[in-house]
Amino acid sequence: MLIVMKPGATASEIDAVINIIETVGFRAHSMPGATRTAIGITGNEGPIDGRRFENLAGVAEVIRVTKPYKLITLDLRPDRTIVRLDDATIGDSKLSIIAGPCAIESRDQAFAIATIVQQSGARFFRGCVWKPRTSPYTFQGMGDKGWEILSAVRDEFDLKIVTEAVEESHIDVIENLGDVIQIGARNMQNFPLLKRAGRSRLPVLLKRGMAATLEEWLLAAEYIMAEGNYNVILCERGVRTFAQHTRNTLDLASVPAIRRISHLPVMVDPSHGTGTAYMVTPLARAGVAAGADGLMIEVHNRPELALSDSAQALTPSQYLELVDEVQAIHQVMAPTGNDGLNNRRNMTPGKPSLLEQSRHSNRRESLS
Ligand code: PEP
Ligand code: MN
């Protein structure tokens, strides 16, 4: 159930609705928007009789939710969610870039890469200290020792730290020392971990499971939001298919598909999405062109020596070139349009777009 308040509803009218929701034993999720506040209800296992809310002061509409989602939807929040960490943002008109090595390996490695990440203008540094590896015999990450390095990167380079939590206790550490909690593809349906992330005050980057449908992925986001954390960033990182020319098949159609359903920001990870360095830049360009809010890119000062995901790591110069290219593509993309067409800026300032030209000539034809 979703309660849409009138545009002019007062704070005390909103509070009164929340109070009734909580008194009858449910949880209220109030989402203030540019024009109105909507309140989502969770905690009910069966349908709720919405009539008790209809006549309350300030209520415009009571909507029965027939979709499996309650909180990720544009019905609840028509404005896009913008995740803000001081001046670093994801989901606004800027292209956000999270870049860094797959794993933290040493201070020299992390500092060399952070220098490049900072130079590129990216505001987020990634680097795992706990690695969920397919084989128990491969590098598992530096563990807690890696945090000395991550903390130093955070201080010296003024970058926000994004790192993966593999188990619930890791979230306690990230809350103390980091900025964004990453939930990896292998843990997308680790429900206790999702719930713990939902009780955090930090934003959560939720990667798509490697065999997850869009619905399963969005319901994983619902798990986080249902606990009260609304700062969820979705990250498309490819799914497993029959293709053998890539590590995963990067499903870029998920970007417009999510846009149609959800207010949450969507990022694209062409590094894990392809598994091969030479494909990362082409797919990064395509991800931005598809309307992603940002990119996650693995970069290493010596890719050939990387202890994990070496084949997909870009060199510093490849990475800087990628950033130049995707920023140029982002410049010609719509800043907020849902379909990527309506608000497109002209590529040549002052020159009318093809759409404008055709509208103009249609007008002339209908006048003559
Ligand atoms: C990663 O970001 O390093 C990672 C392990 O990604 P994924 O969970 O998408 O495989
Ligand atoms: Mn990796």
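This is a predicted model: local features need pLDDT of at least 70, side-chain atom pairs count only at pLDDT 80 or more; totals for chains, interfaces and linings use all residues.
At roughly what angle do the axes of helix H7 (residues 214-226) and helix H8 (residues 254-261) cross, and within what distance do they come?

1. **The H7 and H8 pair.** The two axes come within 12 Å and cross at roughly 55°. As for hand, H7 passes H8 in a right-handed crossing.

2. From H7 come Leu214, Trp217 and Leu218, and they meet Ser254, Ala257, Ile258 and Ile261 of H8. Sorted by class, this contact has 6 nonpolar residues, 1 polar residue and no charged ones.

3. **The H5 and H6 pair.** Here the axes of helix H5 (residues 168-177) and helix H6 (residues 191-198) come within 9 Å, with a crossing of roughly 25°. An angle under 35 degrees counts as roughly parallel, and H5 and H6 are therefore roughly parallel to each other. Their crossing is right-handed.

4. **Charges between H5 and H6.** On the H5 side, Glu168, Ile171, Asp172 and Glu175 take part, and they meet Pro192, Leu193, Arg196 and Ala197 in H6. The residues of this contact divide into 4 nonpolar and 4 charged, with no polar ones. It is worth looking at beside the H7 and H8 contact, where no charged residues are counted.

5. **The metal site.** Which residues coordinate the manganese ion (ligand 2)? They are Cys102 through SG, His272 through NE2, Glu298 through OE and Asp309 through OD, at 2.0 to 2.4 Å. Along the chain, these donors follow the spacing C-x169-H-x25-E-x10-D. Cys102 sits in the loop between strand E7 (96-100) and helix H3 (107-119), and Asp309 in the loop between strand E14 (294-298) and helix H11 (316-331), so the pair ties together parts that are 207 residues apart in sequence. Both Cys102 and Asp309 are buried.

6. **Asp86, another positive phi.** Phi of Asp86 is near 55°, again a positive value in a residue other than glycine. Asp86 is found in the loop between strand E5 (83-85) and strand E6 (88-90).

7. **Gly275 and its surroundings.** Gly275 is placed in the loop between helix H9 (270-274) and helix H10 (277-289). Its relative accessibility is 13%, and Gly275 counts as buried. Setting aside neighbours within four places in sequence, Gly275 is in contact with Arg247, Pro270, Ala311 and Gln312.

8. **From Gly275 to the H6 helix.** How far apart in space are Gly275 and Arg196, C-alpha to C-alpha? The separation is 30 Å, and along the sequence the two are 79 residues apart. Arg196 is the residue of H6 listed above among those that meet H5.

Methods: Residues are numbered from 1 along each chain as its sequence is written. Chains are lettered from A and ligands numbered from 1 in the order in which they are written. Side-chain values use heavy atoms; hydrogens and water are left out. Donors are N, O and S atoms within 2.8 Å of the metal (3.2 Å for Na, K and Ca); water is not among the atoms, so sites may look incomplete. Helices (H or I, at least four residues) and strands (E, at least two) are DSSP runs, numbered from the N terminus. Buried means under 20% relative accessible area, exposed over 50%, partly exposed in between (1.4 Å probe, protein chains only). Axes are lines fitted to C-alpha atoms, for helices over the stretch in contact, and angles run from 0 to 180 degrees between N-to-C directions. A crossing is left-handed if the near helix is turned anticlockwise from the far one by less than a right angle, and right-handed if clockwise. Contact means heavy atoms within 4.5 Å. Ala, Val, Leu, Ile, Met, Phe, Trp, Tyr, Cys and Pro count as nonpolar, Asp, Glu, Lys and Arg as charged, and the others, Gly among them, as polar. Angles under 35 degrees count as roughly parallel, over 145 as roughly antiparallel, 65 to 115 as roughly perpendicular and the rest as oblique.
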